[in-house]
Amino acid sequence: MTSLPPQVPYRIRDIANVVSAYNICLTLEKALQRAIDKGEDVGRKMIYIRILGYLVHYVSTDRGLKTVIEEISSSISDTALLEIGKMYFDHYIRAFRANKGPIPTPSNHASRPSFDTISDMINDTLIEAPQSHADAKKLVALIRDGYRCVVTGKYDANSVTIVRELRERITQDSSLRREATECAHIFAESTNSSIEPGTPKRDYASSMWAVMRRFGYEELPDDLNGSKVHRLENVMTVVHGFHMDFDTLKVWFLATTEKEKYKLEAADSYVLRDYPEYVTFSTPDPVNLPVPSPAYLAIHAACAKVAHLSGAPNMDDSTTLDPNGASAETLEHALFELVASA
């Protein structure tokens, strides 16, 4: 967890209502720190206020900034202000931290088909639009991303096994590597897929999309509704380690001035040792096989920065409950996670 910077970013430093709202966050942060220094238990309050403060720094749209500033300025009490911070934790940060549970992996059944060339496999597996995690894996891992992890460049191990052309490529070039790959979603698959009307999970998704609309992303709920959460703009092929780092907001993609080229950033610098400095997305067919959406990646990056700096990821690390009830919020959070990932 990192204290809020003393000032807002330079580009908005002359906007009076922005500075005023941010100072409200700074004032409450200082009050909470004094309470902590006295040995008082403030629970998650420090995290909630820092989420709001860091949203001022990193929210990915001007409309989002306007919304956050208005919400801070209109809060009639510290309690109301902290409730807004809690809301953003529940329905913004966890939009990307809901990719939990077993991750589907390619089948290794003995009767799987084999192919001589990549073209043969593409013709056999090509489908118009992915309707499931497995469909997305077929389109993304086996076609758009060239049978490779988009970050490390390692070839998908299962594809190498069943496509002779790929086996020959690996055999002839000793610098090439293979590893099992997975289909990673930018917006969590569990937030909007297979949601029944009238369920707590539907309520959770509705609240999450309401937050996105407040940030100016009006079309997101429709773009990612139901099976469309598997659309190619929302998925990419990666090895397991990167999948975990990405889903837990430990690493994110920062756009550069070059189209489809991103710089990898991380919560801790050592995480980047396993990955290249830059990643460039490409596709053999931009119309039918589009690359990951820059907008989705920008929202994920902003969320990851806010989560890391505010200390929000650490809220998932507590596994025990205080017998005196001090951890009631931990239990509440665990139940919320269960609903979101059910």
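The structure is a predicted model, in which local features need pLDDT of at least 70 and side-chain atom pairs count only at pLDDT 80 or more, while totals for chains, interfaces and linings use all residues. Residues are numbered from 1 along each chain as its sequence is written, and side-chain values use heavy atoms, with hydrogens and water left out.

**The chain as a whole**

The chain holds 13 helices and seven strands, where helices (H or I, at least four residues) and strands (E, at least two) are DSSP runs numbered from the N terminus. Of its 342 residues, 49% are buried, a word that here stands for under 20% relative accessible area, with exposed meaning over 50% and partly exposed in between (1.4 Å probe, protein chains only). The accessible surface comes to about 16,500 Å², and carbon and sulfur atoms account for 51% of that area; such areas come from the Shrake-Rupley method with a 1.4 Å probe, and for residues only the protein chains shown count as cover. When contacts (heavy atoms within 4.5 Å) between residues at least 6 apart in sequence are considered, 67% of them join residues at least 24 apart.

**Buried residues**

| Residue | Relative accessible area |
|---|---|
| Cys 25 | 0% |
| Asp 90 | 7% |
| His 185 | 2% |
| Cys 303 | 0% |

His 185 lies in strand 3 (residues 181–185), and its side chain makes a polar contact of 2.9 Å with the side chain of His 230; a polar contact is a pair of N or O atoms within 3.5 Å, and within protein one must be able to donate a hydrogen and the other to accept it, with residues adjacent in sequence counting only if both atoms are side-chain atoms. The structure has zero disulfides, a disulfide being a pair of cysteine sulfur atoms within 2.5 Å.

Strand 5 (residues 251–255) runs antiparallel to strand 6 and is joined to it by five bridges, two strands being paired if DSSP finds at least two bridges between them. Ala 255 has Tyr 262 of strand 6 as its bridge partner. These two strands form a hairpin with five residues between them, and Glu 260 in the turn has a positive phi of about 65°. Strand 6 also pairs with strand 7 (residues 278–280) in the antiparallel sense, over three bridges, and Lys 263 has Tyr 278 of strand 7 as its bridge partner. Strand 6 (residues 261–266) shows a covered face of Tyr 262, Leu 264 and Ala 266, whereas Lys 261, Lys 263 and Glu 265 make up the uncovered one.
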